[in-house]
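Take a look at the protein below. The report after it goes from the whole chain down to single side chains.

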Amino acid sequence: MGSMALRRHSTNEDILPQMEAAVKRNEKEKFENNELSYEYIEMKGFEYSLYANADILDNKGNIVYKKDELIEKKLTDNKGNITFENLNKGEYKIIETKTLDGYIVDKKEHIITINEKDKIK
């Protein structure tokens, strides 16, 4: 079984498929009184849905999830992180399904492949 962690960015960047979350500052530039400062943006509450992008099989060859089947929905934490755990080898897609006020839903399907080397023992 593997896991994947990712982070919602304050910008509309690609999510990086790796075992650790992508690191990106969640700050907004603010210019007041001729001074530039950065304000922390809480990234809690973005909803992501994990789907099978192909049939997902267990180690005996049985279908665990059919292609396009919803596996799980999760919300990001304060820093914009989210982790999907106990995943079998296979190809998955992650889609942002709900966002917060002031943001646009990222409708891009992010394809993630977990192979033998990504397996956590």
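What share of the contacts with a separation of 6 or more comes from residues 24 or more positions apart? The share in this protein is 56%, where a contact means heavy atoms within 4.5 Å.

This is a predicted model, in which local features need pLDDT of at least 70 and side-chain atom pairs count only at pLDDT 80 or more, while totals for chains, interfaces and linings use all residues. Residues are numbered from 1 along each chain as its sequence is written, and side-chain values use heavy atoms, leaving out hydrogens and water.

**Overall make-up**

The protein has zero helices and 10 strands. Both kinds of element are DSSP runs, numbered from the N terminus: helices are H or I with at least four residues, and strands are E with at least two. Read from the N terminus, the order is β-β-β-β-β-β-β-β-β-β.

How many residues does the protein have, and what percentage of them count as buried? There are 121 residues, and 35% of them are buried. Buried means under 20% relative accessible area, exposed means over 50%, and partly exposed lies in between (1.4 Å probe, protein chains only). The protein exposes about 7,900 Å². Carbon and sulfur atoms supply 46% of that area. Accessible areas come from the Shrake-Rupley method with a 1.4 Å probe; for residues, only the protein chains shown count as cover.

**The sheet**

Four strands form an open sheet in the order S7-S4-S9-S10, and their pairing is antiparallel. Two strands pair if DSSP finds at least two bridges between them. Which strands are at the edges? They are S7 and S10, and each pairs on one side only. From one strand to the next, the twist averages 25°. For such angles, axes are lines fitted to C-alpha atoms (for helices over the stretch in contact), and the angles run from 0 to 180 degrees between N-to-C directions.

Within this sheet, S4 and S9 pair over six bridges in the antiparallel sense. Tyrosine 51 stands opposite lysine 93 in S9.

**The core**

In soluble globular proteins, nonpolar side chains tend to be buried together. A nonpolar core is a set of buried Ala, Val, Leu, Ile, Met, Phe, Trp, Tyr and Cys residues joined through side-chain atoms within 4.5 Å. The largest one here has 14 residues. Tyr48, Leu50, Ile71, Phe84, Leu87, Tyr92 and Ile94 touch the most other members. Strand S4 (47-52), S8, strand S9 (90-98) and strand S10 (110-114) each supply at least two residues of this core.

**Salt bridges**

A salt bridge is a side-chain nitrogen of Lys or Arg within 4 Å of a carboxyl oxygen of Asp or Glu. The count comes to three.

| Pair | N to O distance |
|---|---|
| Aspartate 68 and lysine 93 | 2.8 Å |
| Lysine 74 and glutamate 72 | 3.8 Å |
| Lysine 93 and glutamate 109 | 4.0 Å |

Lysine 93 meets glutamate 109 in a salt bridge. This pair links distant parts of the chain: lysine 93 is in strand S9, and glutamate 109 is in the loop between S9 and S10, 16 residues apart. Shared partners join Asp68, Lys93 and Glu109 into one network.

Is lysine 93 buried or exposed? Lysine 93 counts as buried, at 9% relative accessibility.

In the remaining pair, lysine 74 is partly exposed at 23%. Glutamate 72 is partly exposed at 28%.

**Residues with positive phi**

Most residues other than glycine have a negative phi. Which values do aspartate 68 and asparagine 86 show instead? Aspartate 68 has a positive phi of about 70°. Aspartate 68 lies in the loop between strand S6 (63-65) and strand S7 (70-75). Asparagine 86 has a positive phi near 55°. Asparagine 86 is found in strand S8 (residues 81-87), and it is exposed, with a relative accessible area of 59%.

**One more loop residue**

Where is asparagine 62 found? Asparagine 62 sits in the loop between strand S5 (56-57) and S6. At 42% relative accessibility, asparagine 62 is partly exposed. Not counting residues up to four places away in sequence, asparagine 62 touches Ile56 and Leu57.
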